[in-house]
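Let's walk through it together, one piece at a time.

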Amino acid sequence: MKVVLRDDVENLGTFGAVVQVADGFARNYLIPRGFALLATGGNIAQLGAEREAWQKKIMKSKEDAEKV
């Protein structure tokens, strides 16, 4: 089953990565705990937008830190 990660998962991938996992692992662990969503077109697009916003926030924090 292909899923899109909503969080960094050790030994699996980082936020926004599309990974292939066993069906049971996805249904019983990743999805119920909010670590992943099914890899549909809408979910991939949504997480892409969230990732861009997150990266902008990180860049702003770095810029502010460099000013200090």
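We'll start with the sheet, move on to the core, and finish with the helix and its charged side chains.

A quick word on the ground rules: this is a predicted model, where local features need pLDDT of at least 70, side-chain atom pairs count only at pLDDT 80 or more, and totals for chains, interfaces and linings use all residues. Residues are numbered from 1 along each chain as its sequence is written, and side-chain values use heavy atoms, with hydrogens and water left out.

First, the sheet. Helices (H or I, at least four residues) and strands (E, at least two) are DSSP runs, numbered from the N terminus, and two strands pair if DSSP finds at least two bridges between them. Here, three strands make an open, antiparallel sheet in the order β2-β1-β3. Because β2 (18–20) and β3 (36–38) each have a single partner strand, they stand at the edges, with one side left without a neighbour in the sheet. On one flank, β1 (residues 2–5) pairs with β2 over three bridges; there Lys 2 sits opposite Gln 20, and Val 3 has Val 19 as its bridge partner. Towards β3, β1 is again joined by three bridges, running antiparallel, and Val 4 stands opposite Leu 37.

Buried means under 20% relative accessible area, exposed over 50%, and partly exposed in between (1.4 Å probe, protein chains only). The core has eight residues, among them Val 3, Leu 5, Val 19 and Leu 30. Both β1 and α1 (23–30) supply at least two residues each. Setting aside neighbours within four places in sequence, Leu 30 is in contact (heavy atoms within 4.5 Å) with residues including Val 3, Val 9 and Phe 35.

Finally, helix α2 (residues 41–67) holds Asn 43, whose side chain reaches the backbone oxygen of Leu 38 at 2.9 Å.

How many salt bridges are there? With a side-chain nitrogen of Lys or Arg within 4 Å of a carboxyl oxygen of Asp or Glu as the rule, the count is two. One joins Glu 50 and Arg 6 (3.9 Å, N to O). Glu 50 is in α2 and Arg 6 in the loop between β1 and β2, so this pair ties together parts 44 residues apart in sequence. Lys 60 and Asp 64 form a salt bridge too (3.6 Å, N to O); being four residues apart in α2, they are separated by about one helical turn.

Conventions
Core = buried A, V, L, I, M, F, W, Y, C linked by side-chain atoms within 4.5 Å. Polar contact = N/O pair within 3.5 Å; in protein donor to acceptor, adjacent residues only side chain to side chain.
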